[in-house]
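Trainee: Could we go through this structure together? I would like to begin with the charged side chains and then turn to the sheet.

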Amino acid sequence: KFDIPYDVIWLDIEHTDGKKYFTWDGSRFSNSIEMLRNLSSKGRKLVSIVDPHLKRDDNYKVFTDARDKGLLVKNSNGNDFDGWCWPGSSSWPDFLEKHVRDWWADQFLLDNYQGSAENLYVWNDMNEPSVFNSPEITFPKDVKHLSGRENREVHNIYAMLVHQATWDGLLKRGNYKERPFVLTRGFFAGTQRSAAVWTGDNMGEWSHLKITVPRPR
C-alpha cells in the first residue's frame with residue numbers, strides 16, 4: 001500500500017496452522033499463493049520458518065507420515081522420542097539416514113507444501129535440535145538414531161543434515177535451475193555449501209549489533 005522499500009519478508013512460526021510446519025494459518029494467510037505472486041511481481045522474496053520438530057498430532061499429515069514410515073529418532077527404550085518444543089509434544093526425523101533426508105526434501109515440493117511457490121525460501125531454526133524439557137535443552141545423549149547409534153556420537157552433525165535436506169528439497173522443487181536460500185541456526189563444518197548462518201536470537205541493542213561487526217585483530 002505504501003510501497004515501503006524491502007527485499008524479503010520473514011515469517012516465524014505464527015504463520016502456520018497450530019505450529020505445524022508446511023502449513024498456513026488460514027485466517028491470516030487465506031491466499032498465500034496470491035501473496036507470493038504479488039511479492040514476485042515486485043522482485044521480492046518470502047522466507048518461512050521450518051523447524052525439524054514435528055508436532056505430535058494425529059491430524060498433522062507430516063507427523064503421521066514420518067511416524068508411520070518409521071522415520072523418527074527413538075528414546076533409549078526404542079520408542080519414538082517425545083520431547084517439548086514450540087508446538088508442545090514433538091518428535092524429530094532422523095536426518096542421519098539418507099531416506100529420511102529424501103523424505104524431508106520431498107516435503108518442499110509444491111504438491112506437498114501446499115500454498116507455497118518458488119519464491120518461498122526457508123529458515124531452519126531450533127535444529128541443534130532444541131528440546132525444552134531435556135536437561136541439556138537438546139537431545140539427551142542416549143537418544144537413539146535408526147542406525148542404533150546414540151546421539152552422543154553424532155550430535156554435532158544433526159543440524160547440518162537438516163539444512164542440507166532442506167537445500168536439496170528447494171533444489172528439487174526448482175528442477176535444479178536455481179540456487180536455493182536456506183538460513184540455519186545450527187551448523188557444522190561444511191555448512192557454508194548449503195546454508196547461511198545466523199547467530200541465534202538477538203535483540204535490538206547496540207551490544208548485540210557490536211558483536212556482528214568484524215574487528216581487526
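**Salt bridges and the sheet**

Mentor: A search of the whole structure, which is a predicted model, finds 14 salt bridges.

Trainee: What lets such side chains pair in general?

Mentor: Side chains of opposite charge can pair when their charged atoms come close.

Trainee: Which residue does aspartate 80 meet in a salt bridge?

Mentor: The partner of aspartate 80 is lysine 74, with an N to O distance of 2.5 Å.

Trainee: Is lysine 74 buried or exposed?

Mentor: Lysine 74 counts as buried, because its relative accessibility is 18% and the cut-off for buried is under 20%. Aspartate 80 is partly exposed, at 21%.

Trainee: And what does glutamate 128 pair with?

Mentor: Glutamate 128 forms a salt bridge with arginine 185, and their closest N and O atoms are 2.7 Å apart. This pair links distant parts of the chain, as the two residues are 57 residues apart. Glutamate 128 sits in the loop between S6 and helix H4 (151–154), while arginine 185 sits in the loop between S7 and S8.

Trainee: How accessible are those two, glutamate 128 and arginine 185?

Mentor: Glutamate 128 is partly exposed, with a relative accessible area of 24%. Arginine 185 has 17% relative accessibility and counts as buried.

Trainee: Where does arginine 152 stand, buried or exposed?

Mentor: Arginine 152 counts as exposed, at 52% relative accessibility. Its salt bridge is with glutamate 150, the closest N and O atoms being 2.7 Å apart. Glutamate 150 is partly exposed, with a value of 25%.

Trainee: Which residues are linked in a network of salt bridges?

Mentor: Asp17, Lys20 and Asp57 are linked in such a network.

Trainee: Changing topic: what is the strand order in the sheet?

Mentor: The sheet is open and has five strands in the order S1-S2-S6-S7-S8, with parallel pairing. Strand S1 (8–11) and strand S8 (196–197) are the edge strands, each pairing on one side only.

Trainee: How many bridges join S6 to S7?

Mentor: Three bridges join strand S6 (residues 120–124) to strand S7 (residues 182–184). Tryptophan 123 stands opposite leucine 183 in S7.

Trainee: Which strands does helix H1 touch?

Mentor: Helix H1 (residues 32–41) packs on the sheet and touches S1, strand S2 (45–49) and S6. The direction of H1 makes about 135 degrees with that of S2.

Trainee: And where does helix H5 lie?

Mentor: Helix H5 (residues 158–173) lies across S6 and S7, and runs at about 175 degrees to S6.

How values were computed. Residues are numbered from 1 along each chain as its sequence is written. This is a predicted model: local features need pLDDT of at least 70, side-chain atom pairs count only at pLDDT 80 or more; totals for chains, interfaces and linings use all residues. Side-chain values use heavy atoms; hydrogens and water are left out. Two strands pair if DSSP finds at least two bridges between them. Helices (H or I, at least four residues) and strands (E, at least two) are DSSP runs, numbered from the N terminus. Contact means heavy atoms within 4.5 Å. Axes are lines fitted to C-alpha atoms, for helices over the stretch in contact, and angles run from 0 to 180 degrees between N-to-C directions. A salt bridge is a side-chain nitrogen of Lys or Arg within 4 Å of a carboxyl oxygen of Asp or Glu. Buried means under 20% relative accessible area, exposed over 50%, partly exposed in between (1.4 Å probe, protein chains only).
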